[in-house]
Amino acid sequence: MAMLIRLQALDLRRQQDKEGLEEIPEKLKIAEKPLFEAKGLVEKAQAAIDLVIKEKKDKELALQVVEDKIRKLKSRLTDLKTNKEYHAHLQEIAAVNKEKEDTEDRLLQAMENVDLLKKELAEKTALLNEETARFAKEKEEINATIEQLSKEDEKLEQEWLALSKEAPSDLLESYKKLSILRKGVAVVPLNGYTCTGCHFSLPPQLIAEVRKNEKILTCNYCNRMLYVEAD
Ligand SMILES: [Zn+2]
């Protein structure tokens with residue numbers, strides 16, 4: 001009986017370790033979530049920068065076009081014959097100059113946006129680096145836990161095997177079956193006249209037999225194997 005109690009203790013510990021291992025994928029997923037989010041933010045910031053950089057290039061091109069126009073207009077100045085032509089020409093130059101100013105303003109705005117977004121990207125990248133380091137550390141801890149639990153399970157299994165060799169095979173079989181049926185608790189102590197597995201009161205005769213500790217006796221109600229705890 002003492003051996004069965006020890007076997008059961010080993011089984012319960014192994015079950016706990018197994019449950020601990022089963023929780024790990026979920027833990028990893030939770031630990032990885034902020035990292036994914038940080039990656040998403042960096043990608044978004046990078047995409048925004050690409051967009052304004054393209055806008056800036058477009059504005060630079062537009063400015064070149066306007067400047068070319070101005071040059072051509074000015075070179076035509078000498079071809080003008082009448083006063084009227086001359087005035088019309090000045091008006092044209094004024095209009096193109098205005099266009100140039102507007103384009104320059106837009107270019108400046110685009111340059112400011114690039115600077116702003118670069119700052120934002122730097123912030124998000126710093127955050128991503130932090131999260132990467134944090135996740136690496138957490139993963140390391142989780143891996144250490146996996147290793148520790150696996151090692152412990154191996155040790156417990158060896159203990160279990162060594163211990164079970166001492167048990168008669170039919171007793172071991174009934175223990176195993178009962179353990180599965182009763183969710184790992186096949187062997188229970190009495191509490192006075194009560195089975196601590198199902199909490200039913202048992203007949204005094206049975207209690208007296210269990211106290212003698214001569215053979216394996218089971219609860220009338222839940223079938224668990226009964227013993228009396230040493231004082
Ligand atoms: Zn019972």
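## How helix 1 meets helix 3

Helix 1 and helix 3 cross in a left-handed way (left-handed if the near helix is turned anticlockwise from the far one by less than a right angle, right-handed if clockwise). This is a predicted model, where local features need pLDDT of at least 70 and side-chain atom pairs count only at pLDDT 80 or more, while totals for chains, interfaces and linings use all residues. Residue numbers start from 1 along each chain as its sequence is written.

Helices (H or I, at least four residues) and strands (E, at least two) are DSSP runs, numbered from the N terminus.

On the helix 1 side, the contact residues include Met3, Leu7, Leu10 and Arg14, and on the helix 3 side they include Ile146, Leu149, Leu156 and Trp160 (contact: C-beta atoms, placed from the backbone, within 7 Å). The residues of this contact split into nine nonpolar, two polar and seven charged (Ala, Val, Leu, Ile, Met, Phe, Trp, Tyr, Cys and Pro are nonpolar; Asp, Glu, Lys and Arg are charged; the others, Gly among them, are polar).

Three of them make an open, mixed sheet in the order 2-1-3. Strand 2 (194-195) and strand 3 sit at the edges with a single partner strand each, so one side of each has no neighbour in the sheet. Strands count as paired if DSSP finds at least two bridges between them.

Strand 1 (residues 187-191) runs parallel to strand 3, with three bridges; Val187 stands opposite Met225, and Pro189 has Tyr227 as its bridge partner. With strand 2, strand 1 pairs in the antiparallel sense over two bridges, and Leu190 partners Cys195. Strands 1 and 2 form a hairpin with two residues between them, and Gly192 in the turn has a positive phi of about 65 degrees.

## Two asparagines with positive phi

Most residues other than glycine have a negative phi. Asn213 has a positive one, near 55 degrees, and Asn223 has one near 70 degrees. Asn213 lies in the loop between helix 5 (204-212) and strand 3 (225-227), and Asn223 is in the loop between helix 5 and strand 3 too.

Asn213 is partly exposed because 13 other C-beta atoms lie within 10 Å. Asn223, with 17 C-beta neighbours inside 10 Å, also counts as partly exposed (20 or more other C-beta atoms within 10 Å is buried, 12 or fewer exposed, in between partly exposed, with C-beta atoms placed from the backbone).

Key
Contact = placed C-beta atoms within 7 Å.
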